[in-house]
Structure formats: C-alpha cells, structure tokens
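Visitor: Hi! I'd like to walk through this one with you, if you have a few minutes.

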Amino acid sequence: MSISDEFAFIKEIQPDRLFHEEKIVGIGDDAAIIGMEEGFEKIVCVDTMVEDVHFTRKTMSPFDIGYKSLAANISDVAAMGGIPLYYLVSITIPKHWEQKDLKEIYKGMKALGDKHKMDLIGGDTTSGKVLVVSVFVIGKVEQGKRLLRSNAQQGDVVFVSGTLGNAAGGLDILLHNNEPSLFLVEHHQRPTPQVELGRILSKFERVALNDVSDGLSSELLEIAESSKVDIFVKKEIIPVSKELTRYNDEKAFHWGMTGGEDFELVGTISADGWPELAEECRKAGIQITRIGNVRHGSGQLYLESETGVQQIQKEGYNHFNRR
Ligand SMILES: Nc1ncnc2c1ncn2[C@@H]1O[C@H](COP(=O)(O)OP(=O)(O)OP(=O)(O)O)[C@@H](O)[C@H]1O
Ligand SMILES: Cc1ncc(C[n+]2csc(CCOP(=O)(O)O)c2C)c(N)n1
Ligand SMILES: [Mg+2]
Ligand SMILES: [Mg+2]
Ligand SMILES: [Mg+2]
C-alpha cells in the first residue's frame, strides 16, 4: 500500500517512548523544544542521502537507508567529541513507495538511535521524484571542548580508527553482483559511528579530528589545510582489512585512501598524548593505528612508501566532480 495521507503517516512513525521525556517537546507541535544541561554546548549537524547518489534500491534496503542516514550524522557528532541526543528527519517520498518500506526506514533509524538513547523529535514530510532523507542531529559536548580540523600542529602523531575501504568494497560487491563478503557489505550498509572513541579523544588537551565520509586522503587534506601544516602518512601502515584484500587486493589500498563512507575517525594528537590514547583504546577494545606525522608546511598531504614520497591530491568523493 502506498502512502495515502501525510498526517496519518506522521502518526505512524511517532515514537511510543522517549529517552529524554522530561527535557523536551517532541513530535506533535509546530517545532520541538529541547533543554540543555549546564556545562555543555550543543552540537548540530545535518546530512542528506539521495536515491541514486547515496544508494539505490539494489544496494540498500529501506532499513539500511534509515540506519545509515542516522549513522552519518552521529559520526559528525563523534568527530566533535560529543554525545548524540536527538534527531529530526526530513523525508521526500516518491509516490510509488510503499508505506511498509517507509516504516522500515524509520525502524532502521530507531535501531541505531536506540543504541545511543536518541529521541526522534521532529521532521518534515514531502512528496517528490526520488527518495531523499535528511537527518538533523543534535548532540552535546562539555563546554570549551574543541576537536577542530584546525588543531593539528607540527610534531603531532596522525592516527585513524578501524580499517578503511570496507564500505567501498561492499558497494563494489553490491553493484557488480560479486561474491558477497558479509563483512564488507555490512560496512557499506550499516556503518558504525565511533562515538566511544570521540569521547575518549575529547578528554585530551588538543586533538584535530575528522570523520571519514569522503575518503581518508580527502579528510587528511581538510585537516592539513585548516591547520596550515603538512601531513605525512606511511603507505604500508594504512589499515586495510584482510576481508578487503581478499576481495580485491589490487584495489584495496585505493579504496582505503579514497573510497569514503567508512565513518572511522582520523586525526592528530600530540606525540606526548599518543601513548596514553593508544592505551585507552586498547583497554576499550578500539582499533587505532598511528599512520604518520604532522610537519611544518602549508596544507599538503604526502604518502611515504618504500619507493619514495608522493604528494596526494584531494581525490575522495566529490558530488560535483564524480569519478
Ligand atoms: N549547503 C550548505 N549550506 C551551509 N553550510 C554548509 C552547506 N553544506 C555544507 N556546509 C557546511 O560546511 C562544512 C563542511 O561540510 P561537509 O558536508 O563537507 O562536512 P561533513 O558533513 O563532515 O562531510 P560529509 O557531508 O561528506 O559527511 C560544515 O560546517 C557544514 O555545516
Ligand atoms: C549507489 C551508490 N553509488 C555511489 C556511492 C558512493 N558515495 C556516494 S556519496 C559518498 C560520499 C559521502 O557522501 P556525502 O558527502 O554526501 O556525505 C560516496 C562514497 C554510494 N554510496 N552508492
Ligand atoms: Mg555534510
Ligand atoms: Mg564529517
Ligand atoms: Mg561529503
């Protein structure tokens, strides 16, 4: 059954329970109202997923579309060292979409939202030609914490969490009907935002941080440019999973550098802070790898390998310059 009434649809997706009931006015009025604890600042961000750009009916189930559109936003909160709290959803629905599939989108968001005790507090519903899901997230971070892209300084250690390129490998499998690797496909469809790592990093004095949405080289260049430094990374230690090299050894490194949508955290920390960070991550069971260092410079990125040093251009995902 396709959706026949905008207002009945809104009733359908209304949550029946709120984690932060006493602090908010949620769905049902003209706008939501949220309180904010003393000693914290708000973090706000929005990211959009568009049919045939971020997903197709073949690459993602409706549940996955919901899950990933919230994940991408939680990841931006994680990249600021914060705790996600609330989300609003603006959805544009083509007339042929079935109501049960639309409810699946919200189930996907709820599955991840519940893990982080987040409340859906509002949104907007329209009809249109393709499915577009915009999620707006509100989070909090202790006052004065600033894990900014501009924080890197000469002498810092460059680190990245997890392994890179899995989402691109998963997408390749889905687009070409290749032999599935559950590991890679799940990384594409239901990525895990690194909130716990963001919280660990927020306790350190000065950290530059970015999440990997467009690709490692793109995110590193953003840090190098904002901080007006050069970043050097070592090719041999960029972490790539064995599942990815097993799937396509030739492309694994390229996907790791430019694939994007991994939603890992990449950043820099002082050389003094690094051993403590590595130990905290070890205790928490979070994979983190030291991949390079920060040097005096003017915003360039260099890749060091056995064969020499190579300057890297901004080569990740770009909506207006598609590879
Ligand atoms: N259309 C826009 N209008 C106003 N600000 C924007 C717009 N698009 C992006 N920005 C702002 O530009 C900055 C960088 O946005 P960008 O989307 O590149 O980062 P991101 O959300 O971390 O990456 P991604 O979208 O790849 O996940 C953010 O501060 C964002 O709020
Ligand atoms: C069908 C299909 N084709 C291509 C891609 C790859 N892709 C789309 S957007 C993006 C970067 C992040 O987006 P944004 O910058 O908007 O956050 C990437 C890597 C995909 N996911 N699905
Ligand atoms: Mg964005
Ligand atoms: Mg980001
Ligand atoms: Mg982007």
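Visitor: Which residues does Asp47 touch, leaving out those up to four places away in sequence?
Guide: Asp47 touches Ala72, Asn73, Asp76 and Val135. Keep in mind that this is a predicted model.

Visitor: Is Asp47 buried or exposed?
Guide: Asp47 is buried, because 20 other C-beta atoms lie within 10 Å, and 20 or more is what it takes to count as buried.

Visitor: And where does Asp47 sit in the fold?
Guide: Asp47 lies in strand 3, which covers residues 40-50.

Visitor: What does UniProt list along with Asp47?
Guide: An unreviewed UniProt entry lists Asp47 and Asp76 under "binding site". They are spread over 30 residues of sequence but cluster in space, with a largest C-alpha distance of 9.1 Å.

Visitor: OK, Asp76 then. Where is the place of Asp76, and what does Asp76 touch?
Guide: Asp76 is in helix 2, residues 62-78. Not counting residues up to four places away in sequence, Asp76 touches Cys45, Asp47 and Asp211.

Visitor: Why does Asp76 count as buried?
Guide: Asp76 counts as buried because it has 23 C-beta neighbours inside 10 Å.

Visitor: How many residues of helix 2 are buried?
Guide: 17 of the 17, so helix 2 is largely enclosed by the rest of the structure. The helix length agrees with expectation too: at 1.5 Å a residue, its 17 residues should span 24 Å, and the end C-alpha atoms are 24 Å apart.

Visitor: Let's zoom out. Into which domains is the protein chain divided?
Guide: There is domain 1 (6-142) and domain 2 (149-312). Their centres, taken over C-alpha atoms, are separated by 26 Å.

Visitor: How many residues of each domain are in contact with the other?
Guide: 19 residues of domain 1 are in contact with 19 residues of domain 2. On the side of domain 1 that touches domain 2, the elements giving two or more residues are helix 2 and strand 6 (132-142). Helix 2 supplies the largest share of that side, nine residues.

Visitor: What is that side of domain 1 like by class?
Guide: The side of domain 1 that touches domain 2 has nine nonpolar, five polar and five charged residues.

Visitor: On to the ligands. Which residues are around ligand 1?
Guide: Asp47, Ala72, Asp76, Ser213 and Asp214. By class, the shell around ligand 1 divides into one nonpolar, one polar and three charged.

Visitor: And how many residues surround ligand 2?
Guide: 13 residues surround ligand 2, and the closest are Thr56, Ser213, Gly260, Glu261 and Tyr317. The shell around ligand 2 divides into five nonpolar, five polar and three charged residues. Domain 1 (6-142) and domain 2 (149-312) each give that shell at least three residues.

Visitor: Ser213 turned up around ligand 1. What does UniProt list with Ser213?
Guide: Under "binding site", an unreviewed UniProt entry lists Tyr106, Gly123, Asp124, Arg149 and Ser213. Spread over 108 residues of sequence, these are also spread in space, up to 31.9 Å between C-alpha atoms.

Visitor: Is Asp124 buried or exposed?
Guide: Asp124 is exposed, with 12 other C-beta atoms within 10 Å. Asp124 is found in strand 5, and Gly123 is in strand 5 as well, residues 119-127. Gly123 is partly exposed, with 19 other C-beta atoms within 10 Å.

Visitor: One last stop, helix 7. How many residues of helix 7 are buried?
Guide: Ten of its twelve, so to speak mostly covered. Among the buried ones are Leu216, Leu220 and Ile223. After helix 7 comes Lys228, with a positive phi near 55°.

Note on methods: Residues numbered from 1 in each chain as written. Chains lettered and ligands numbered in written order. Predicted model: local features only at pLDDT ≥ 70, side-chain atom pairs only at ≥ 80, totals over all residues. UniProt positions renumbered as here; feature names shortened; annotations may be inferred. Helix = DSSP H or I, 4+ residues; strand = E, 2+ residues; numbered from the N terminus. Contact = placed C-beta atoms within 7 Å. Domains from an automatic or database assignment. Nonpolar A, V, L, I, M, F, W, Y, C, P; charged D, E, K, R; others polar. Expected span 1.5 Å × (residues − 1). Near = placed C-beta within 6 Å.
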